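This report goes through one structure, from its helices to its loops. Please keep the sequence and the 3D view at hand.

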Amino acid sequence: YLQRLMKWMNCTDECVILALIYIDRLEKHHPNIGICRLNIHRILSTALVLAAKFQDDEYRSNAYYAKVAGVSLDEMNQCEEDFLGLLKWSMHVSAEEFEQYV
């Protein structure tokens with residue numbers, strides 16, 4: 001699934017690392033979410049979308065990302081809104097934090 005997302009979302013390596021940082025932050029700040037096989041595809045695809053929008057100069061529409069992820073546009077939009085809210089819109093990653101994940 002991750003390989004499919006990376007291929008069709010055309011994310012940079014930095015984008016993938018940012019997505020992993022965002023997922024790690026989500027898990028640290030909200031351990032009750034319980035990332036599992038039933039929700040990881042939504043969490044992963046949403047983290048990649050947010051990372052692409054934050055990091056990459058060019059990114060696609062949510063309609064495109066939703067199609068690649070296999071979810072509806074409404075669900076993708078809701079996942080994005082929820083994820084941002086859970087992280088309190090804190091998307092910046094310092095160089096030091098980024099290097100810890102490389």
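## Basis

Helices here are DSSP runs (H or I, at least four residues), numbered from the N terminus. The model is predicted, so to speak of local features requires pLDDT of at least 70 and side-chain atom pairs count only at pLDDT 80 or more, while totals for chains, interfaces and linings use all residues. Residues are numbered from 1 along each chain as its sequence is written, and side-chain values use heavy atoms, with hydrogens and water left out.

## Helix 5

Helix 5 spans residues 73–86. The helix has 14 residues and reaches 20 Å from its first C-alpha to its last. That is close to the 20 Å expected at 1.5 Å a residue. The expected span is 1.5 Å times one less than the number of residues.

Met76, Cys79, Glu80, Phe83 and Leu84 are the buried residues of helix 5. They cover an arc of only 125° around the axis, which puts them on the same side of helix 5. The arc is taken from the directions from the helix axis to the C-beta atoms. Buried means under 20% relative accessible area, exposed over 50%, and partly exposed in between (1.4 Å probe, protein chains only). An α-helix has 3.6 residues a turn, so residues three or four places apart point the same way. Asp74 and Glu81 are exposed on the other side of helix 5. The cover over the buried residues of helix 5 includes helix 2 (13–29), helix 3 (40–55) and helix 4 (62–69).

## Helix 3

Helix 3 has 16 residues. Its first and last C-alpha atoms are 22 Å apart, close to the 22 Å expected at 1.5 Å a residue. The buried residues of helix 3 are Ile43, Leu44, Ser45, Thr46, Ala47, Leu48, Val49, Leu50, Ala51 and Ala52. What covers them includes helix 1, helix 2, helix 4 and helix 5.

Gln55 also belongs to helix 3. Gln55 is partly exposed, at a relative accessible area of 37%. Setting aside neighbours within four places in sequence, Gln55 is in contact (heavy atoms within 4.5 Å) with Thr12, Glu14, Cys15 and Leu18.

## The nonpolar core

A nonpolar core is a set of buried Ala, Val, Leu, Ile, Met, Phe, Trp, Tyr and Cys residues joined through side-chain atoms within 4.5 Å. The largest one has 32 residues. Leu5, Met9, Cys11, Tyr22, Leu48, Met76 and Phe83 have the most contacts inside it. Helix 1 (2–9), helix 2, helix 3, helix 4 and helix 5 each supply at least two residues of this core. Helix 2 gives the most, with nine residues.

Leu5 is in contact with Asn10, Leu44, Ser45, Leu48, Val68 and Ala69, neighbours within four places in sequence left aside.

## Aromatic pair

The whole structure holds one aromatic pair. The rings of Tyr64 and Tyr65 have centres 6.1 Å apart and planes at 65°, so the pair is edge-to-face. Rings of Phe, Tyr and Trp (its six-membered ring) pair if their centres lie within 6.5 Å; planes under 30 degrees apart count as stacked, over 60 as edge-to-face and the rest as tilted.

Tyr64 is partly exposed, with a relative accessible area of 24%. Tyr65 counts as buried, at 1% relative accessibility. Arg60 lies over the face of Tyr64, 4.6 Å from the ring centre. For such a placement, NZ of Lys or CZ of Arg must be within 6 Å of the ring centre and within 35 degrees of the ring normal.

Arg25 lies in helix 2. At 12% relative accessibility, Arg25 counts as buried. Arg25 touches Leu87, Ser90, Met91, His92, Val93 and Glu97, not counting residues up to four places away in sequence.

Which residues carry a positive phi without being a glycine? Lys88 does, at about 55°. Trp89 does too, at about 60°. Lys88 is in the loop between helix 5 and helix 6 (95–101), and Trp89 is in the loop between helix 5 and helix 6 as well. Lys88 is exposed at 72% relative accessibility. Trp89 is exposed with a relative accessible area of 62%.

Ser61 lies in the loop between helix 3 and helix 4. Its relative accessible area is 41%, so Ser61 is partly exposed. Ser61 and Ser94 are 33 residues apart in sequence and 26 Å apart in space, C-alpha to C-alpha.
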